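Please read the points below alongside the sequence and the coordinates, which are shown here for reference.

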Amino acid sequence: MGDQTYAVSYHAEKGTDWAVLDGYLQRRCETLLGQQAASVTDITHRIHGNVAQSDMATSAPVRTGGDAMGGNFSSPGLSQHGVLFKLRVAEGVCSPD
C-alpha cells in the first residue's frame with residue numbers, strides 16, 4: 001500500500017472467534033514489519049461463502065437382467081454437487097506505530 005504499510009487479511013473457518021482473527025492479523029503485521037511496535041487499523045470483518053464442486057456417486061451399482069447368479073451391473077450414477085464453505089475473513093491495514 002505504501003512505504004511500510006501493508007494490507008493484511010486472514011481467513012478461518014466459521015467457528016473461529018473474531019478476536020482470534022484480529023490476533024492473527026496483529027501477528028502477521030509484526031512479522032511483516034519485523035518489529036513489535038506495529039499496529040493493525042481499519043479492521044473489517046465479513047463472512048465469505050465459497051462453493052467447491054465435486055462429482056459423487058449417487059447410488060450403488062445396479063444388477064440388470066439374469067437370475068441371482070447372473071446378469072449385468074450398471075455403474076453408479078455420477079452427479080455434480082456443490083459444498084458451501086463459510087469462512088470468516090478479517091482484513092486491516094498494517095503500519096508501524
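The points that follow concern a predicted model, and they take up its nonpolar core, a loop residue and its aromatic rings.

1. The largest nonpolar core comprises ten residues, namely Val 8, Ala 12, Leu 21, Leu 25, Cys 29, Leu 33, Ala 38, Val 40, Ala 90 and Cys 94. At least two residues of this core come from each of S1, H1, strand S2 (38–57) and strand S5 (78–96), and H1 provides the largest share, with four. As general background, nonpolar side chains in soluble globular proteins tend to be buried together.

2. Ala 12, one of the residues of that core, touches Leu 21, Leu 87 and Arg 88 when residues up to four places away in sequence are not counted.

3. Thr 16 is placed in the loop between strand S1 (6–13) and helix H1 (18–33). Its relative accessible area is 15%, so Thr 16 counts as buried, the cut-off being under 20%. Once neighbours within four places in sequence are left aside, Thr 16 is in contact with Leu 21 and Arg 88.

4. Which residues form the one aromatic pair that a search of the whole structure finds? The partners are Tyr 10 and Tyr 24, with 4.7 Å centre to centre and 50 degrees between the planes, and the pair is classed as tilted. Tyr 10 belongs to strand S1 and Tyr 24 to helix H1, 14 residues apart, and the pair thus links distant parts of the chain.

Key: Residues numbered from 1 in each chain as written. Predicted model: local features only at pLDDT ≥ 70, side-chain atom pairs only at ≥ 80, totals over all residues. Heavy atoms only, no water. Buried < 20%, exposed > 50% of the residue type's maximum accessible area, 1.4 Å probe, protein only. Contact = heavy atoms within 4.5 Å. Core = buried A, V, L, I, M, F, W, Y, C linked by side-chain atoms within 4.5 Å. Phe/Tyr/Trp six-rings, centres within 6.5 Å; stacked < 30°, edge-to-face > 60°.
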